[in-house]
Amino acid sequence: KAKMQQERRVKRAENVEGDFWVDSTCIDCDTCRWMAPATFTRANGMSAVTAQPAGHVERVRAMQALLSCPTYSIHTDSRTAQELSEAQVGLPALVPGVPGVFHCGWHDVKSYAATSYLIVRPPAQGGNILVDCPRYNPVLARNIAALGGVSHIFLTHKDDVGDHDKWARHFNALRTMHQSEVRAGTAGVEVQLRGEGPWALDGTPLPAPATASGSSSSSSSRGSSS
Ligand code: SF4
């Protein structure tokens, strides 16, 4: 299987000449296209580099897309240590116009490339909330720690759980998930929501889980939600 995967990693013909390129293992998840729209475009059902990044800022954005590609399908033939460092330091990235909310990047193929966000709150308000989980990476973990770590992990959908167990262990965070979304791999989540909500965590409204039905209540082995 690994050999087959290796054989498929060929540069797509749709890429323009230059450092950055996408290989044929792209799963068309759209991540690179919204993270670095000046560089990546959809071409024949997958992403391709249709314009090489122009200048330092665009190269760093393209590097962040490379780091966040869930299938490692983006490559660069050359990059500086400074570009890589800036790309890594820049994730999580503040979501424009949404104070205190950061896009984590580092999308996980196990989550079908779902986007995860970090909601930053002071410890007195209950600490930070990770909404869905990125791929576990020690660089990202260090950056999240610098933003205050993770007190709670809210998993919105059974398919978007990523490396939830590694993140929960790393930050000793409480995981919350709607009971109807819990599967074998998430049976150990600490808080299970029931009913239709809406729910809040220490005053912060939670996004609606993918499925919500029945009567409103929650059960917890380590914490509580309101
Ligand atoms: S992030 Fe990766 S998998 Fe997703 S569209 Fe871009 S190249 Fe394809």
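**Aromatic cluster and salt bridges**

In this predicted model, tyrosine 136 has a relative accessibility of 25% and therefore counts as partly exposed. Tryptophan 167, by contrast, is buried, with a relative accessible area of 0%. The two residues form a tilted aromatic pair, with 4.8 Å from centre to centre and 55° between the planes. The angle counts as tilted because stacked pairs have planes under 30 degrees apart and edge-to-face pairs have planes over 60 degrees apart. This pair links distant parts of the chain: tyrosine 136 is in the loop between strand E8 (129-131) and helix H5 (138-146), while tryptophan 167 belongs to helix H6 (residues 164-171), 31 residues apart.

Tryptophan 167 also pairs with phenylalanine 171; their ring centres are 6.2 Å apart and their planes meet at 5°, so this pair is stacked. Both residues lie in helix H6, four residues apart, which is about one turn of the helix. Phenylalanine 171 is buried, as is tryptophan 167. The count of aromatic pairs is two, and Tyr136, Trp167 and Phe171 form one aromatic cluster.

The charged pairs come next. Side chains of opposite charge can pair when their charged atoms come close. The model has 11 salt bridges, among them one between arginine 59 and aspartate 19, with the closest N and O atoms 3.2 Å apart. Arginine 59 lies in helix H3 (residues 56-68) and aspartate 19 in the loop between helix H1 (2-8) and strand E1 (20-22), so this bridge ties together parts that are 40 residues apart in sequence. Arginine 59 is buried at 15% relative accessible area, whereas aspartate 19, at 24%, is partly exposed.

Another salt bridge joins aspartate 163 to lysine 110, where the closest N and O atoms are 2.8 Å apart. Aspartate 163 is in the loop between strand E9 (152-155) and H6, and lysine 110 is in the loop between strand E6 (101-103) and strand E7 (117-119), so the pair ties together parts 53 residues apart in sequence. Aspartate 163 counts as buried at 7% relative accessibility, while lysine 110 counts as partly exposed at 48%.

In a further bridge, arginine 175 pairs with glutamate 190, the closest N and O atoms being 2.9 Å apart. Arginine 175 is buried, with a relative accessible area of 10%, and glutamate 190 is buried as well, with 8%. Finally, salt bridges with shared partners join Asp28, Asp30, Arg33 and Arg42 into one network.

Notes
Residues are numbered from 1 along each chain as its sequence is written. This is a predicted model: local features need pLDDT of at least 70, side-chain atom pairs count only at pLDDT 80 or more; totals for chains, interfaces and linings use all residues. Side-chain values use heavy atoms; hydrogens and water are left out. Rings of Phe, Tyr and Trp (its six-membered ring) pair if their centres lie within 6.5 Å; planes under 30 degrees apart count as stacked, over 60 as edge-to-face and the rest as tilted. Helices (H or I, at least four residues) and strands (E, at least two) are DSSP runs, numbered from the N terminus. Buried means under 20% relative accessible area, exposed over 50%, partly exposed in between (1.4 Å probe, protein chains only). A salt bridge is a side-chain nitrogen of Lys or Arg within 4 Å of a carboxyl oxygen of Asp or Glu.
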